[in-house]
Amino acid sequence: MSNKPTSAGVKQRPSPYPRPTNPGQLKKPPITVVASRLNKQPASLGISTPPPVEHVPVNDLVQAARKAFSDRDFVSALQLLTGALNVAPKDINLLDSRAACCEKLGRFNDALTDAKTMIQLYPQSPKAYLRAGKILRQQQNYKSCTRIYVAGAERCEKVGKEYETLARLAKDMTATMEGLAKKEARILDPVERLPYELIVMVFDSLTFAQRLSCMGVCKKWSSYLGSIKRFWLTIDLTKPAPSPVAYQKYLPLVVKAETNNRITNKTVLSLIKYTPPKRLRLGCAPQVTGALFSQLIRMKRAAALEQLSLRMNAKIYDQELSLFWSATPNLRCLDLHDSAGVSDAAVISLLARCPLLEELDISECRITEACLMIQSPGQGPLVHLKKLVFGRSLSAFAREGVEALVAKFPNLETLDIRTLHPRGIQALESLGQLNKLKHLYTEAIDTPSDDSTALVVAKWVEGIPDLESLQLTYCKGVSDEVMRMIVLGHEPQHPHATRRGWSHSLKMLNLSYSTYLTNEGLLLMATNPMPQLHSVILNCCGWLDESGLCQMLAGSGAELCLFECARNGTISNNLMEQLATSCPKIEVVNVSSSQVTGLGVMALVNKRGTELRYLNLDGCQNVSADAIERARAVVGDGSRVSFLFPRSYR
């Protein structure tokens, strides 16, 4: 091109680059000479260049660069384009041409820098994204290339051939990457690579909650797990509870009341679609309603049910439950603890239609003694029931109600009536007829006198031969005479009795808050050893002192694993030393608010070491912080030694 006037009628397109105003400048040395001087490039390209030559037109530099590029002299073309960019640094065509030169020279990082500059300056130009994508493809960075193409297809104006090319490349690269991802997933998927038997063993070792998480991995895993029917025989949505340890073997079960509001009818129905479940454990799920039981019957998922657990729920009522019991003849375990909608009608229907029940928990439901006294026509005793958790603290149960309980469940082995509020301890006298009873747990029973409690316990000892667990907490009538009944099994006026109470079978004894129990009662345990005694709990028994406790441990502590005697100010280091010598299997000790010092603590800890699972020293003001640290170091776990004290302690 030149600045000479053109022929008439023909208009010359103006040049996008600045041109000299003086025609005499065209008589300067040739462009090749100027190009030879451009031996430096910008620092980003790794080539140094002198300041741009102002007397050389940019358009001429571009033409020379194009000729050098066509002659495959990419180095000269790069130098010329760099000189042109010093004059017009934001020109997209120059940036694109220099990126092409760097690409030909194998300098992909420099080319990508120019392409990113183009995208930053012209975010709606397809040319910038095409150049950047091409460079990334040559670098084999296909993920970034796909992202660049897709971003360009979304940002650029949807007109022109360049945009059509960009949209086509974005679509093709997206499809290619999805195919590679699926192929890679198939290669790494253990369900496809491992043998079927091994996969079943892996999933079988998981908990139900972990299997639910696995179902969310992909549709293939979901269908695979759904095809294994035995995985869905147990629907367990309860909070995971730690497995009971040895010292909790004979204690009453304590379930944490942690509500789970995410469990609804829809959640349960989506899990039972694979196969009829045998065990349905929902835990504390207050959002579940009675309509769930109607839907289970409609879907034919109730007939195989053997275990149902739904605690602390106020949205299930008698009508839905009565219909549900008729569809579950094989029900064996039922837990409806603290379900306010369950009343006498639902319990009466349950006992009439589910004769195979083995475990039943209807404590704190809206029930009275009438649910046991009313009997359906042709209904006999439930001989299969082994465990019963029963009672409501707001309702008083008379002697007739307890007698009906004994007649209806003659083969009970575990009876937990801690929530039962009897009308005096005389109402529980008929429990002595349960000759197969092993575990009896009661709490806060009103007693008119010590003699009445001793007479009732004598009836129990006479009728129940092999009791293993006995809890009589908050019972004011527990005294030395009651302890005599437990250990010896006869009153003083019967010296020729041959049976020795429960001393041969008792494994757990909890007489906490017994205000009339003294050292004389403990002396009976010392002179009449109880060889199987496993747990002793004597918290807040005000008349007991250290000497009686030491004698009891010496006589009956050979198998003792748990010992609790909290809030007893007479306990000192002597008791801790007695525990260390007389109780070789001790695991849990609670002597909070006592006079124990660091010497007594270390005597026990050094003897038991890591086998000591829990030591409660809360409120023991004579124990120093250094002794606590040493004890925790010997035990191996700081949480096993509890040491809390009031603010007044220094």
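Guide: M201 lies in helix α10, which spans residues 196-204; helices are DSSP runs of H or I with at least four residues, strands are runs of E with at least two, and both are numbered from the N terminus. The model is predicted, so local features need pLDDT of at least 70 and side-chain atom pairs pLDDT 80 or more, whereas totals for chains, interfaces and linings use all residues. Residues are numbered from 1 along each chain as its sequence is written, and side-chain values use heavy atoms, without hydrogens or water.

With a relative accessible area of 58%, M201 is exposed (over 50%; buried is under 20%, partly exposed in between; 1.4 Å probe, protein chains only). Together with L194, L198 and V202, M201 makes a nonpolar surface patch of about 350 Å². Such a patch joins nonpolar side chains (Val, Leu, Ile, Met, Phe, Trp, Tyr) within 5 Å, or like charges within 9 Å, from residues with over 30% relative accessible area and no salt bridge (Lys or Arg side-chain nitrogen within 4 Å of an Asp or Glu carboxyl oxygen).

The chain's accessible surface comes to about 32,300 Å² (Shrake-Rupley, 1.4 Å probe), and carbon and sulfur atoms hold 53% of that surface. The protein chain has 25 helices and 17 strands, and 48% of its 650 residues count as buried.
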